[in-house]
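Open the model in your viewer and keep the sequence panel beside it.

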Amino acid sequence: MKQSVCLGFDGSESSDWTAIRAERLDGFQFTPTYGPDRRPTIWDPAQWGGQIPRGEVHAAVDELFDTYQVRMAYCDPQDWRSEIGDWALRYGAEHVAEWSTNRITQMHEALKRFLTDLTTGAITHDGCPITAVHVANARKVAKPGQKYILGKPTEHQKIDAAMASVLAHEAAAVHRAAGWTDEPQDNRVIVFR
């Protein structure tokens with residue numbers, strides 16, 4: 001039986017990084033690996049000639065959906081709207097959804113949940129060193145209405161793995177509230193005649 005997870009995806013084109021994080025039902029977050037070299041699903045464009053390697057990202061997404069029972073992937077559509085649409089067609093719109101991180105109210109609420117659950121131990125993590133740096137870089141940026149979103153203190157201090165972690169947790173929290181269990185889903189249709 002495949003382990004079920006929720007995913008968070010924060011993508012970029014060339015200046016920021018692209019990251020996929022996963023969260024299990026029990027609240028454990030991790031950076032999945034993919035491919036023959038078991039690379040982490042975090043891409044620094046500087047290591048790929050200045051551009052995010054979209055083919056690598058597609059291979060990773062395909063492998064994640066093959067390896068895990070992905071309940072939901074929340075994906076920030078910035079620069080990746082077409083790919084996210086393709087993934088929704090391929091893996092099912094019930095498993096892939098756009099989740100824009102530039103919506104102040106929704107992002108603020110997701111960040112409050114993430115911080116509370118991290119503080120209380122409802123979320124644990126794998127200690128991914130890249131994610132640790134991105135989380136340490138992240139700053140609360142004040143917005144109207146006593147709200148905040150995440151921002152980076154300088155252009156070179158990236159936060160993309162932190163954003164992917166928040167998205168994975170939001171997807172997992174929503175699905176836990178909807179009754180997520182590790183029981184395999186039976187999608188067969190029984191016809192009575």
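**The whole chain**

Start with everything selected and colour by burial. Of the 193 residues in the protein chain, 48% are buried. Keep in mind that this is a predicted model.

Now switch to a cartoon. The protein chain holds 5 helices and 11 strands. Its radius of gyration is 17 Å, close to the 16 Å that the globule rule gives for 193 residues, so the chain is as compact as a globular protein of that length. Show the C-alpha atoms and orient along the principal axes: they fill a box of roughly 65 × 40 × 30 Å.

How much of the contact set links residues 24 or more positions apart? Among contacts in the protein chain with a separation of 6 or more, such pairs account for 63%.

**The cavity**

Next, look inside. Rolling a probe the size of a water molecule over the atoms shows where empty space is left. Searching the whole structure at 30 Å³ or more turns up 1 cavity. The largest cavity holds about 50 Å³ of space.

Which residues line the largest cavity? Select Leu 7, Phe 9, Ile 20, Val 61, Phe 65, Ala 73, Cys 75, Trp 87 and Val 96, and show their side chains. The lining comprises 9 nonpolar residues, with no polar and no charged ones.

Now colour by element of secondary structure. β1 (4–10), α1 (54–67) and β7 (69–76) each give at least two residues to this lining.

Move on to strand β10, residues 139–143, and its partner β11. The two run antiparallel and are joined by 5 bridges.

Is β11 mostly covered or mostly open? Select residues 147–151: 4 of the 5 residues in this strand are buried, and it is mostly covered.

Then centre on the turn. The hairpin has 3 residues between its strands, and Gly 145 there takes a positive phi near 80 degrees. Step to Gln 146, also in the loop between β10 and β11. Gln 146 is not a glycine, yet its phi is positive too, at about 55 degrees. Gln 146 is exposed, with a relative accessible area of 79%.

**Arg 38**

Where else does a residue other than glycine have a positive phi? Select Arg 38, whose phi is near 50 degrees. Arg 38 sits in the loop between β4 (33–34) and β5 (39–40). Its relative accessible area is 42%, which makes Arg 38 partly exposed.

**Thr 124**

Last stop: select Thr 124, in strand β9 (residues 124–125). Thr 124 counts as partly exposed, at 38% relative accessibility.

What does Thr 124 touch, leaving out residues up to four places away in sequence? Show Gly 27, Phe 28 and Gln 29: these are its contacts.

Finally, draw a C-alpha to C-alpha distance from Thr 124 to Ala 110. The two are 14 residues apart in sequence and 17 Å apart in space.

Conventions: Residues numbered from 1 in each chain as written. Predicted model: local features only at pLDDT ≥ 70, side-chain atom pairs only at ≥ 80, totals over all residues. Heavy atoms only, no water. 1 Å grid on protein atoms, 1.4 Å probe; cavity = no way out; pocket = protein on both sides within 12 Å on 5 of 7 lines; lining within 4 Å. Points joined across faces, edges and corners; volume = space filled by probe spheres on them. Nonpolar A, V, L, I, M, F, W, Y, C, P; charged D, E, K, R; others polar. Buried < 20%, exposed > 50% of the residue type's maximum accessible area, 1.4 Å probe, protein only. Pairing = 2+ DSSP bridges. Rg over C-alpha atoms; globule rule 2.2 N^0.38 Å. Contact = heavy atoms within 4.5 Å.
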